[in-house]
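Here is a short briefing to read beside the model. Keep the sequence and the 3D view open as you go.

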Amino acid sequence: MAAEDADHAALIGKEFNTTEELSTFLQNHALRNGRKYRLYDKSGGRSRKYVCTSGEDCPFVINVNRRRYAKKFCPWYISSAMLEHANCQSAPKATLKQMLDLKAFKVAASSTKLPRAKDLIEQAKILDDINLENQLRTVYEAMKVIREKQSSGEITAYEPRVQLASFVDQFKELNPGSYTNVEASDDDDSFLRAIVVPGVLVRASRFNQLFYALEAGPINGQEYNQLLLIGRDGNLQNITLAAAIVDSASKDNYMWFFQACTQAGLKMDVPIFVDRTEPLLACGKALKLQFVHSTDHIIRDCTASFGCLFPTVKNLISKLQCCETRQLYDNTLQVIRRTANKDLALYFEKIDPEQWALFPNITTRPLYSWNSSNLIEAEMTAAQLDHVQNIHPVLYFESVLSLSIAKMYDRSCLAKSWIKERRQVTPGAEELFEKERQEAVNYDCLCSSEVLVYVSRLSEISTVVRRVDLEKKTCSCKDMVQNRIPCRHYCAALTRLGKFEQVYDAFGSEYQICTYAEAYLGRHIEKPLQTDLDMHNNTTTYPKYPKRKAPASPQSTNTHKKTPKKTSNDLDYSTDDE
Ligand SMILES: [Zn+2]
Ligand SMILES: [Zn+2]
């Protein structure tokens, strides 16, 4: 109720010079609070009572009176208010003017192509946190007004490029170390592609797990594709490091994207999980990137080429990927050739095992999640973008960055509380480790020295013996290299030697709380607020082909401080600062 108390304190005594000013203020107050108010009582022209549209059940009321001290000038003021709602059925309803003032409508008004009413409603949900589903008629009315203003030249529609250039310039100013780029087509100067990489995420990426995943797909109906470079933090949570929209999924655009990531300062010499599409693979080859494929990527690709796969075949593919030796890999491939499909076997013969199978990577580089499911679905659902069509590029980046802002703050809070709890490693890593720790009791140890232990499974005739080296913090099994978390053998060896308390030292540095805190504690991302204003600036303030690499020039800084001219008509773009 603290927010309500503060609101109450701010309201009481507030003055309004005209009746119009008063009702505009109350309309905005209602919309902001997700309600609609109505005038309940006028007594003698000197006092008014506003209630919410819910009716008698809701106690909400705002009383307004006229000051009596002046003869000619009698401003309205709020004399008392009861701001709490109870049993409230009141639903917000935006007036035409309010609707035109919404961010979603302003952005729509300034773009060359007006979205469909349905999409506009979706965008208002994201950008303005308001549901206009029951106001379709007013939405159409607002669109009509916008169209008229556009055709009469009262508002100028701009290419997304101009708006984006302004948006990303401001983003870069607010977030030092960030990388942004907006490019126009050489032919007609129209928007081509854009990328934003927040500086704090570049910095934090050095403390994350050592891999990325690229997720690519259409976002904007058929018009644009989005490219996301996703990493995973030390708590095993996905994190969007770079977001771009491009006009097509071409090799050229992929090259541009990965080169931009490099220029942004992201370390690109780690495994990158990608789909097996032709332009993408060609790009990886040209840039010598370490492309790898998850089981899902491979199965999706196989299904596209060979039709639906039987579960037994899918299992064989997973098995092939997990083979720990070349010999086992070749044998499994033989099985696929004999039992499943010759073409399928041929398909795998053509793929370099290093790009997807475990055995060539087993001791060299951690692939962490080589059999994990698709990374993007969680990201996209969270961004609420999966069902929005024809989204304006500015809105796209605004949504993606808003999610990054929220997640960054979450991570900072988590780091703080984990330090307080005196944790040594992240809960995500701890959970993975817990399974290994519990398994350790099933293993037998043969100590060779104080640091060297041979570990094998109890009561099982098995030739598999693992070699644990406590000094080098290694085990000969795949898990410790691949996950950088102590394996069951390592736990068994430590327990046998009575040194289990040392187990946390064997976690990869990315899981240590001190590393996580170094990456995220007290870090934050900011986003521009002036988008809607600046996009009405003259196009000529932006270079024709903004491929700038240097920081924004002082001249372009000035343009951000210009206040746009206010118009006297009902498309007044001034915002209510109350
Ligand atoms: Zn109410
Ligand atoms: Zn092991």
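Which side chain meets that of Glu-324 in a salt bridge? The partner is Lys-478, at 3.8 Å from N to O. This is a predicted model.

- Glu-324 sits in the loop between helix 12 (311-322) and helix 13 (326-340), while Lys-478 belongs to helix 18, so the pair ties together parts that are 154 residues apart in sequence.
- Glu-324 has 29% relative accessibility and counts as partly exposed.
- Lys-478 is buried, at a relative accessible area of 18%; the cut-off for buried is under 20%.
- A network of salt bridges links Glu-324, Lys-478, Arg-466 and Asp-479.

**Other salt bridges**

- The structure contains 26 salt bridges.
- One of them joins Arg-423 to Glu-421, with the closest N and O atoms 3.0 Å apart.
- Arg-423 is partly exposed at 31% relative accessible area, and Glu-421 is partly exposed at 48%.
- Another joins Lys-267 to Asp-269, where the closest N and O atoms are 3.4 Å apart.
- Lys-267 counts as partly exposed, with 48% relative accessibility. Asp-269 is also partly exposed, with a relative accessible area of 48%.

- Four strands form an open sheet in the order 13-14-15-16, and their pairing is antiparallel.
- Strand 13 (443-447) and strand 16 (474-475) are the edge strands; each has a single partner strand, so one side of each lacks a neighbour in the sheet.
- Strand 14 (residues 452-457) pairs with strand 15 (residues 466-469) over four bridges, in the antiparallel sense.
- Within this pairing, Val-453 stands opposite Val-468 of strand 15.
- Helix 19 (residues 488-496) packs on the sheet and touches strand 13, strand 14, strand 15 and strand 16. The direction of helix 19 makes about 60° with that of strand 13.

**Zinc ion (ligand 2)**

- Which residues donate to this ion? They are Cys-475 (SG), Cys-477 (SG), Cys-487 (SG) and His-489 (ND1), at 2.0 to 2.3 Å.
- The four donor atoms subtend angles of 108 to 111°, which makes the arrangement tetrahedral.
- Along the sequence, the donor residues follow the spacing C-x1-C-x9-C-x1-H.
- Cys-477 lies in the loop between strand 16 and helix 18 (478-483), and His-489 lies in helix 19, so this pair ties together parts that are twelve residues apart in sequence.
- Cys-477 is buried at 4% relative accessible area. His-489 is buried at 6%.

**Zinc ion (ligand 1)**

- The protein donors here are Cys-52 (SG), Cys-58 (SG), His-85 (ND1) and Cys-88 (SG), lying 2.1 to 2.4 Å from the ion.
- The site is tetrahedral, with angles of 99 to 122° among its four donor atoms.
- The donor spacing along the chain is C-x5-C-x26-H-x2-C.
- Cys-58 and Cys-88 link distant parts of the chain, 30 residues apart. Cys-58 is in the loop between strand 3 (47-52) and strand 4 (61-66), and Cys-88 is in the loop between strand 5 (76-82) and helix 3 (96-101).
- Are these two cysteines buried or partly exposed? Cys-58 counts as buried, at 7% relative accessibility, whereas Cys-88 counts as partly exposed, at 21%.

Key:
Residues are numbered from 1 along each chain as its sequence is written. Chains are lettered from A and ligands numbered from 1 in the order in which they are written. This is a predicted model: local features need pLDDT of at least 70, side-chain atom pairs count only at pLDDT 80 or more; totals for chains, interfaces and linings use all residues. Side-chain values use heavy atoms; hydrogens and water are left out. Two strands pair if DSSP finds at least two bridges between them. Helices (H or I, at least four residues) and strands (E, at least two) are DSSP runs, numbered from the N terminus. Contact means heavy atoms within 4.5 Å. Axes are lines fitted to C-alpha atoms, for helices over the stretch in contact, and angles run from 0 to 180 degrees between N-to-C directions. Donors are N, O and S atoms within 2.8 Å of the metal (3.2 Å for Na, K and Ca); water is not among the atoms, so sites may look incomplete. Four donors count as tetrahedral if all angles lie between 85 and 135 degrees; four count as square planar and six as octahedral if opposite donors are over 155 degrees apart and all others between 65 and 115; anything else is irregular. Buried means under 20% relative accessible area, exposed over 50%, partly exposed in between (1.4 Å probe, protein chains only). A salt bridge is a side-chain nitrogen of Lys or Arg within 4 Å of a carboxyl oxygen of Asp or Glu.
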